[in-house]
Amino acid sequence: MATSPPARREAPPPSAILPDQEGLARTRIRFLTSESVEPDQVREAILASWWRSRHFHVPADRIDLPYLGEVNLDTPLIHSAKLVMQRLGDQLDGQPISMILADPTGTVLSQRSGDTDLHRHLERVELVPGFSYGERFVGTNGIGTALEDDQPTHVFGHEHYAEHLENLACAGVPIHHPISGKLIGAIDLTCWRKDAGGLLIALARSTAEQIQQALLTHSNLRELMLFQSYLQACRRTTGIVMAFNDDIVMMNDSARQLLNSADQSILLGHAAQALSEHRRSTATVGLSGGGKVKMHCRRVAGQHEDDVVGGVLSVKLLASEDETSGVPVPMLPMFLPGLVGSAPAWLRCTHDVDAGYSRGEWLVLAGEPGTGKLSLARGVHQRRNPTGRLHTLDARDAADDDWLSDLRRDLVDDPVDSLVVQHLEALRGEQLKAFTAVLDEVRTTYGANAPWLAVTLAPEAETTPDLAEPLAFFPRTVTVPPLRRHVDDLTELVPFFLAKLSRSNRLTCSPTALHLLMRADWPGNTAQLNQVLRKVAQHRRLGSIQPSDLPAEYQAVAKRPLKGLESIERDAIVRSLEEAHGNKPRAAKLLGISRATIYRKIHEYGIVTPDH
């Protein structure tokens, strides 16, 4: 069951957000009693929140919240929200609706109700200042779930995790600082469940927007000057832009998508040093993954000549060669023929297999499909016995009449030097017994002089009871890591595969495209990477691969798994941006959507726009 937050959507019509309470109550009971719950029985966002609530061990039969003491009322959020909430409260005077302001942790800062009975009930469930309504304390609710998902959220009736909240309906909307974009709190509107309507979430959205607008007027001049310089830098480029001072950090989508948190810290540290020395700085900086960037930092002056309100960074990813000298960086030597990679997890695996071969140990190579188990066995054989014979057999073909005879030939009758049996988990019943009998015969006949044998196995199959007897012949299992565990090796794997796919090394990969590839999940591992590059090389046969050359799903860094229609929409936006050469308004016109919509979708899907 999915636990990732849903896509941001416009406020749905009232009929779409008022759930069937009787059916929902039964579904909630099934969930609390650990019975199966189908995804269509409850909204995706609510079901994800229920799972988080269970993970947090939130009690469903009582309200047990921590009191965090007196709240600080002297904050920009409080000052900005005060007038907005007072104006809305006057409009709702006498109505059974409560307005609640919370900080980023869910701690209630203020609560104003227009109905005495509702106010008393909220006091009984501790929805009052000083108590935290974070999801980890009270489970699914408008405040905590809106903050957890960082998006507008409505929770009606039995959608609440705690039973004492089931007679309420609430709509919560996160509040972000209008300059830094930092999550600083949430506004929540709560009423009786029977009084809930579709306009509740729309009213909460409007209130949050008014508070954010009020925050902008309370921002000091220094923040506004830095924000203006940041926007100017963003308009000049679609590349990486960051702005900072002692209090805030701003960055565009390219910075979030192409730099991890460690790289962001490295760049901000260099920039802070440059500002402290009162100098304009252009420098080449090494990143945590081994890549390099050219960073340009300029200070933003305040009202006075000696006043510095912050700095703005423009960052360009550099190719994998020294651009100042033009001398290519030499490739690392291959430990095993035909294989590259220097990440610790990969090197440890290759050395373990090589050591097992040198001792004559039969090995189990476990790992996800596409991790390179067969290539690893071949590389070790070629290193240790380059003139010897290596054969492979696939256990998925064991139903063929010749399979068992081929196995006996390679191990007993005419032994090869090395044999790899793939997908051992595919053997069943009599096939497995016959395989085990051949292994026993080999060891009896040849002893320590038996051919070297390796079998590949899915990671979850090693504990299968039926495999216990044949696996007893294999002293060790070496787990081949998935690509996501040694993704830094893409800096070597990508040039290695491209050299095979192009003539005379005429095809290279740009730093931006490489960074996008390094941010992908790669469920198909190295085999999937090879297929992607093969597909790219079919239409880009020389030069440098750019982000626009990659398949659409690799031109974006999704914040969550996308559904079928969402993937189609993302791909359409990517194609339109390519046709419009990165011009977003033109791409929106090609798609027949508004500029606001395409900007929102680009951010939502994590699409990296072409840099022209």
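**Reading charges and strands**

Guide: Arg120 is partly exposed, its relative accessible area being 46%; buried would mean under 20% and exposed over 50%, with partly exposed in between (1.4 Å probe, protein chains only). This is a predicted model, in which local features need pLDDT of at least 70 and side-chain atom pairs pLDDT 80 or more, while totals for chains, interfaces and linings use all residues. Residues are numbered from 1 along each chain as its sequence is written, and side-chain values use heavy atoms, without hydrogens or water.

Visitor: With which residue does the side chain of Arg120 meet in a salt bridge?

Guide: Side chains of opposite charge can pair when their charged atoms come close. A salt bridge requires a side-chain nitrogen of Lys or Arg within 4 Å of a carboxyl oxygen of Asp or Glu. Here the partner of Arg120 is Asp117, at 3.6 Å from N to O. Both belong to helix α5 (residues 116-124) and are 3 residues apart, about one turn of the helix. Helices (H or I, at least four residues) and strands (E, at least two) are DSSP runs numbered from the N terminus. Asp117 is partly exposed as well, at 47%.

Visitor: How many salt bridges does the structure hold?

Guide: There are 22. One of them joins Glu368 and Arg484 at 2.5 Å, N to O. Glu368 lies in the loop between β11 (363-366) and α13 (373-384), and Arg484 in the loop between β15 (476-479) and α17 (490-501), so this pair ties together parts 116 residues apart in sequence. Glu368 is partly exposed at 22%, and Arg484 is partly exposed at 37%.

Visitor: Is Asp410 buried or exposed?

Guide: Asp410 is buried, with a relative accessible area of 1%. Its salt-bridge partner is Arg409, the closest N and O atoms lying 3.1 Å apart; Arg409 is partly exposed at 35%.

Visitor: Which residues of β14 are buried on each side?

Guide: In a regular strand the side chains alternate between the two faces of the sheet. In β14 (residues 452-457), 6 of 6 residues are buried: Trp452, Ala454 and Thr456 on one side, and Leu453, Val455 and Leu457 on the other.

Visitor: Which strands run parallel to β14?

Guide: Strands pair if DSSP finds at least two bridges between them. β11 runs parallel to β14, joined by 4 bridges, with Leu363 partnering Ala454. β13 (residues 418-422) also pairs with β14 in the parallel sense, over 4 bridges, and Val421 has Val455 as its bridge partner. From β13 the chain crosses through helix α15 (residues 429-446) to β14 in a right-handed β-α-β crossover; with the strands pointing away from the viewer, the path from the first strand over the helix to the second runs clockwise.
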